[in-house]
Amino acid sequence: MHGVPLLDSSAIDPPPASAPVRDLRRVPIHPDHWYPLAWSSEVRRGKALGVQFAGDPIVLVRTESGTIFALEDRCAHRQVPLHAGVVEGEFIRCGYHGWAYDCTGRCVDVPYLGRERLPNGVRAYPCHEAHGLIFVFPGDVALAKERPLPALPSAEDKAYKTRRFGREVKCHYSFMHENLMDMNHQFLHRRQMGQMRARSLGRRRGEDWVEVDYTFAH
Ligand code: FES
């Protein structure tokens, strides 16, 4: 999706008069939720992948047994990105001096030190795989269990066609949300989709969510 999105003001109710006015473009992303940071297929068994959440480097590791975990992508020794290292069994080993970390971020081996003198480890993030995506919880770890993963029931439902989009788009995230809610921007895609006309069927909103139904006709 490219271009400047237009908000379909007919599709979304204005906030109640009593709601505090906030500049949506200045609202930072909220870390206390689960975020998909990679497709499952991008992290193969025995491999690591460097990703980012709001600029913070995170390494996703799939161990040789298939377990997935997420750590700060910065070795505790000399800050080298761990994704450049090697996965060994259930650990990831930094590619510089060989320090090894487990799924909790604990340093479990330094090749030139005894096991009784192991240094500090790195931050570990709650990590969960579902619907072909790898989700990470970048915020307060204590909240991860009580915050549900985003429900994506249509991804497994044959009645729906799931469209996957994983390209980086350089804009504030709220622009992307608006763009995907605003089906009247089909004009932009006229070369790929022809003269498809979107018609809003209705909308629903809760305290922190909004949904819009559309139908399309040629
Ligand atoms: S920088 Fe990672 S082991 Fe030294």
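Reader: What should I know about the model before I start?

Author: The model is predicted: local features need pLDDT of at least 70, side-chain atom pairs count only at pLDDT 80 or more, and totals for chains, interfaces and linings use all residues. Residues are numbered from 1 along each chain as its sequence is written, and side-chain values use heavy atoms, with hydrogens and water left out.

Reader: How many salt bridges are there?

Author: Start with the general idea. Side chains of opposite charge can pair when their charged atoms come close. Here a salt bridge is a side-chain nitrogen of Lys or Arg within 4 Å of a carboxyl oxygen of Asp or Glu. The count is ten.

Reader: Which residue forms a salt bridge with Arg93 at 3.1 Å, N to O?

Author: Glu88 does. Glu88 and Arg93 also belong to a network of salt bridges with Asp109.

Reader: Is Arg93 buried or exposed?

Author: Buried means under 20%, exposed means over 50%, and partly exposed lies in between (1.4 Å probe, protein chains only). Arg93 has 17%, so Arg93 is buried. Glu88 has 37%, so Glu88 is partly exposed.

Reader: What about Arg204? Which side chains meet it in salt bridges?

Author: Glu211 is one, at 3.0 Å, N to O. Asp213 is another, with the closest N and O atoms 2.9 Å apart. Arg204 is partly exposed at 34%. Glu211 is partly exposed at 39%, and Asp213 is partly exposed at 33%.

Reader: Turn to the backbone. Where is Ala54 placed?

Author: Strands first. They are DSSP runs (E, at least two residues), numbered from the N terminus. Ala54 sits in the loop between strand S2 (47-53) and strand S3 (56-62). Its phi is near 50°, a positive value in a residue other than glycine. Ala54 is exposed, with a relative accessible area of 61%.

Reader: What is the phi of Gln79?

Author: About 65°, a positive value, although Gln79 is not a glycine. Gln79 lies in the loop between strand S4 (68-72) and strand S5 (86-88). At 47% relative accessibility, Gln79 counts as partly exposed.

Reader: Last, contacts. What is Phe91 in contact with, leaving aside its neighbours within four places in sequence?

Author: Contact means heavy atoms within 4.5 Å. With those neighbours set aside, Phe91 is in contact with Val86, Ala100, Tyr101, Asp102 and Val108. Phe91 is in strand S6 (residues 91-93). Phe91 is partly exposed, at 35%.

How values were computed: Helices (H or I, at least four residues) and strands (E, at least two) are DSSP runs, numbered from the N terminus.
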